[in-house]
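Biologist: I have a chain on my screen and some questions about it. Can we go through them one by one?

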Amino acid sequence: MLKMKPTCERCSAPLALADEAYICSFECTYCPQCAEQLARSCPNCQGQLVMRPTRTRSPTEVPSHRFKAKLEKLLS
């Protein structure tokens, strides 16, 4: 699973799950301004920085009540 880092590795700007951010294949994470200044090239691995996919919620959040009801039905 892709690790969604909460801050830019260069300037420490906060990056929420739904914010625009850029990552390399090693998941180094940068805000749009830093990615632009770095010419979309990761200074750690020299890999290409591409737009990170967004998430609306964390995978560790409690599942919806419908999921819980289905799970209880399966287990009973």
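Modeller: Start with a pairing: strand E1 (residues 22–23) and E3 pair in the antiparallel sense over two bridges. Keep in mind that this is a predicted model.

Biologist: Which residue stands opposite Val50 in E3?

Modeller: Val50 belongs to E3. E3 pairs with E1, residues 22–23. The residue opposite Val50 is Ile23.

Biologist: In what order do the three strands form the open sheet?

Modeller: The pairing is antiparallel and the sheet is open. Strand E2 (29–30) and E3 stand at the edges, each with a single partner strand, so one side of each is left without a neighbour in the sheet. The order is E2-E1-E3.

Biologist: How do the elements of the protein chain run from the N terminus on?

Modeller: The protein chain has two helices and three strands. Helix H1 covers residues 32–37, and helix H2 covers residues 65–75. Strand E3 is at 50–51. From the N terminus on, the run is β-β-α-β-α.

Biologist: Where does Ser41 lie, and is Ser41 buried, partly exposed or exposed?

Modeller: Ser41 lies in the loop between H1 and strand E3. Its contacts, leaving out residues up to four places away in sequence, are Gln46, Gly47 and Leu49. Buried would need under 20% relative accessible area, and exposed over 50%. Ser41 has 28%, so the residue is partly exposed.

Biologist: How far apart in space are Ser41 and Ile23, C-alpha to C-alpha?

Modeller: Ile23 is the residue opposite Val50 in E3. In sequence, Ser41 and Ile23 are 18 residues apart. In space, C-alpha to C-alpha, the distance is 9.5 Å.

Biologist: Which residues form a nonpolar patch on the surface?

Modeller: Look at H2, where Leu71 lies. A patch residue needs over 30% relative accessible area. Leu71 has 38%, so it counts as partly exposed. Together the patch has about 360 Å² of accessible area, and its members are Leu71, Leu74 and Leu75.

Biologist: Where in the protein chain is confidence lowest?

Modeller: The mean pLDDT of the protein chain is 87, and 87% of its residues reach 70 or more. Confidence is highest in H1, at 98. With a mean of 72, the lowest is H2.

Biologist: What share of the residues of the protein chain count as buried?

Modeller: The chain exposes about 5,700 Å², and carbon and sulfur atoms supply 57% of that area. The chain has 76 residues. The share that counts as buried is 24%.

How values were computed:
Residues numbered from 1 in each chain as written. Predicted model: local features only at pLDDT ≥ 70, side-chain atom pairs only at ≥ 80, totals over all residues. Heavy atoms only, no water. Helix = DSSP H or I, 4+ residues; strand = E, 2+ residues; numbered from the N terminus. Buried < 20%, exposed > 50% of the residue type's maximum accessible area, 1.4 Å probe, protein only. Areas by Shrake-Rupley, 256 points an atom, 1.4 Å probe, with all protein chains shown as cover. Patch = residues over 30% accessible without salt bridge, like charges linked within 9 Å, V, L, I, M, F, W, Y side chains within 5 Å. Salt bridge = Lys/Arg side-chain N within 4 Å of Asp/Glu carboxyl O. pLDDT = per-residue confidence, 0-100. Contact = heavy atoms within 4.5 Å. Pairing = 2+ DSSP bridges.
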